[in-house]
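The sequence and structure come next.

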Amino acid sequence: MEKFVYDFAEGNKDLKDLLGGKGANLAEMTNLGLPVPAGFTITTSACQRYLSDGSHVEGLAEEIDDHLAALEREMGRSLGDPADPLLVSVRSGAKFSMPGMMETVLNVGLNDESVAGLSRQAGGNDRFAWDSYRRLIQMFGKTVCDVPGAEFEDALHEAKVRKGVKDDVQLDADDLKELVTAYKKVFAKHTGHEFPQNPREQMDLAIAAVFRSWNADRAVLYRRQERIPADLGTAVNVVAMVFGNLGADSGTGVAFTRDPATGESGIYGDYLQNAQGEDVVAGIRNTVPLQDLEKIDKKSYDELLRIMAQLEGHYHDLCDIEFTIERGKLWMLQTRVGKRTAAAAFTIAAQLVDEGMISLDEALTRVSGAQLAQLMFPRFDLSSDPSPITRGVGASPGAAAGEVVFTSAHAVAAAAEGRSVILVRRETNPDDLPGMIAAQGILTARGGKTSHAAVVARGMGKTCVCGADEMEVGRDQFTVNGQVVHEGDTVSIDGTTGRVYLGAVPVQPSEVVQYFEGDLDPALANEPLVSAVHLLMTHADSAARLAVRTNADTGADAARARRFGARGIGLCRTEHMFLGDRRPLVERLILARTEAERNDALSALQPLQRADFLQIFREMNGLPVTVRLIDPPLHEFLPSLEDLAVQVAVAKERGEEAEHDERMLAAVRRMHEQNPMLGLRGVRLGLVIPGLFAMQVRAIAEAAVQLAAEGGRPRPEIMVPLVGAVQELETVRTEAEKIIAEVVGSSGVQVLIGTMIEVPRAALTAGQIAEAAEFFSFGTNDLTQMGWGFSRDDVEGAFFWRYLELGIFGISPFESIDRDGVGRLVRIAADEGRATRPGLKLGVCGEHGGDPESVHFFHEVGLDYVSCSPFRVPIARLEAGRAAVESAGSDHR
């Protein structure tokens, strides 16, 4: 029979799939001999069974009985014993960290009788016992029975008002006893029954609630945001309680072995005296810096620093640690590899290389293209020296500005209207997740770098300022130092410095973009972040097998992409060269009635095209440039059918001359298609309109010859779009080769001819098409559109949101390659194309070329390069290196 429950001593950190991250790391710390409270873990497979089999898991109850009995023997106490109670916490713990998204219940085992026994355990500390009991009712009510948390909070607020105090620690035992009575009434009102007094019933219900919380709305939303698979389930950890709320010699805290915001070494974290762990994470009271613990309890502080160093050395990474001090005794409640900002990820990876903890290959796997993209976002330009209205804790770096909103719902609604917002809260809780995702940034009056807002924001790469405690936050305004900021007013928040500004502060390029552009202030060259980016990008380039090209249609774009490290152009869209003041020439071509008129129009376009290509070839001198012949339907260069019809009708009504418009209207009607993306475009245009492709081929060849005459090294590649049959490509190639031979002569210029694979039939007949193609470039935008039968312009706004909500998509197939469907077409075409022509060059030029996940797939398939927009070139370079390193690592395992 499958084993569902493990004591901490039975596991280790490599069993995250089975024991979840929390359980695996509790086991690891136990086996390291660290002070971990006794307990056991119920596996993720038990959760999966519970959710799929309708709550009953055969054999689970018996295993829990056995492990609970062993825990009671070890502790010398029984669960909920009225005289000497054992209390436990019931905590979630999935494979991947999901801070605050699932449930935890503390103090399980307390009831009306055992509260007295707990007081005796604590040396007659009635206040502690009743405080623990009210916490149990509150957490159990919210978590297990869906009692609105606001009603508990209102009762606590009323108790503080009656007492005339600000903090809950100022309530005495009698106050808390009354609060327990009030909480019980709230519980009974919403559940229809009394708070359960049976300790084992409490524990079983709490375990079931943690299982169910895996599918809670906020957990589902978080998994979707973080791309965590939905079928993993969560483990449940049942742990003997240790108490941080026993008085001034007790407390709880969170520590990081390095700064999770910047990556700098040092002592980082928060501590709160006379509190339980949820108080720190929830941010309901402002904490003190971890360094203050040295004055409060030096013995525990020194032991904590020793353990922090031991854990970082053991995990070879930044560790996030939760601990409790119970009357001077330090207990370790959790450790995990800590969430960090993008800047911290790069800085820490480079530091660990310098310290000899990890290799450069390992460092490359610790960062990602998504994090690099965050580092390339703009930052505030403070040259005008704006004055902040307040300052908090810079919890997650970045520069964010937007309208102030005070609820998650308002943030979601405003974002849906295209407005940028800053979500302002006293403190956030897991129910605020939709608003946090929708907002540009988060600002809270309470909490520190370890609060819910800070941890979740860092995980999402959102700008966040916490603990701006000068703010008094109301329902639709906040007040700071006498200044009132209303909902809808604009504020700017700096997640690095913690400063908050009224109004919109201008932004400037980040130092990372300046580094790539080559115009970084020399004084910043040795900054830890810039040095880390340089180190890891250099290694990525040396490790990568995939080259990274760019999609560029102008000399300026080509130049920028080359500065960003592009090794050529994978897609130059020639249709973009027909816009603006060249539209009249295209109109002449379309309206041409005779061959002479058509040739005149083409002759006027050719020198303009040649100049465009020459500029691009110069910028990419020595690197390949793939020029796609005109692809979209020609009607896209003409006025709309509706507008022309109105113009002609109005002119006739007024008796005005409208011959040109009438000719244009007739042409537009003639060319009108019900589905133009599947109509006269791409190679079909070149075959139907004589001289169009020939003009472009001649312009490309002439530009290359001119650059060669100047001493340059042009490497042009002509790409024929939308080919579905080899005969189409053969026809275009025959004409192109004649023109190229005529123009190139003895110049030594070589021009490759290939095709874009964007029609499913082309992928399935790639072996035939390779006979006429020297390269393939996968146009994954159209291949996805045609493969799925989706009209990209329509479906993303129409129903993709529902597909994502239902889990049909984990992510839009236009954003990340559909490996099973469209990806299979790419794999088939690559394999069959190279079977025909072993030296066939393979690349991709759709939007997927800059998507990190897709880059890894293209590496696996064996493509030679990816191509993406200039700004995404560094991201693709990094991911190409990571793909090579990870592939080599898997080959060695």
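## Overall make-up

Two residues are in contact when heavy atoms of theirs lie within 4.5 Å. Among contacts in the protein between residues at least 6 apart in sequence, 69% join residues at least 24 apart. The model behind this value is predicted.

The protein has 893 residues, and 55% of them are buried. Its secondary structure consists of 36 helices and 33 strands. The C-alpha trace spans about 105 × 70 × 60 Å along the principal axes.

## Helix 3 and helix 8

Two packed helices are described by the angle between their axes and the distance between the axes. For helix 3 (residues 60-75) and helix 8 (residues 199-213), the axes come within 13 Å and cross at roughly 125°. Helix 3 is therefore oblique to helix 8, since angles of 65 to 115 degrees count as roughly perpendicular and those over 145 as roughly antiparallel. The crossing of helix 3 with helix 8 is right-handed.

On the side of helix 3, the contact is made by Leu-60, Ala-61, Ile-64, Asp-65 and Leu-68. Helix 8 contributes Arg-200, Met-203, Ile-207 and Phe-211. By class, the residues of this contact are seven nonpolar and two charged, with no polar ones.

## Helix 31 and helix 34

A second pair is formed by helix 31 (residues 780-788) and helix 34 (residues 822-836), whose axes come within 9 Å and cross at roughly 115°. Helix 31 and helix 34 also have a right-handed crossing.

Leu-783, Thr-784 and Trp-788 of helix 31 meet Val-822, Leu-825 and Val-826 of helix 34. The contact of helix 31 with helix 34 comprises five nonpolar residues and one polar residue, with no charged ones.

## Asp-270 in strand 9

Asp-270 is located in strand 9, which covers residues 265-273. Is Asp-270 buried or exposed? Its relative accessibility is 9%, and a residue counts as buried under 20%, so Asp-270 is classed as buried.

Which side chain does the side chain of Asp-270 meet in a polar contact? The partner is the side chain of Thr-287, at 3.2 Å.

Terms used:
Residues numbered from 1 in each chain as written. Predicted model: local features only at pLDDT ≥ 70, side-chain atom pairs only at ≥ 80, totals over all residues. Heavy atoms only, no water. Axes fitted to C-alpha atoms, helices over the stretch in contact; angles between N-to-C directions. Helix = DSSP H or I, 4+ residues; strand = E, 2+ residues; numbered from the N terminus. Parallel < 35°, antiparallel > 145°, perpendicular 65-115°, else oblique. Left-handed = near helix turned anticlockwise from the far one by under 90°. Nonpolar A, V, L, I, M, F, W, Y, C, P; charged D, E, K, R; others polar. Buried < 20%, exposed > 50% of the residue type's maximum accessible area, 1.4 Å probe, protein only. Polar contact = N/O pair within 3.5 Å; in protein donor to acceptor, adjacent residues only side chain to side chain.
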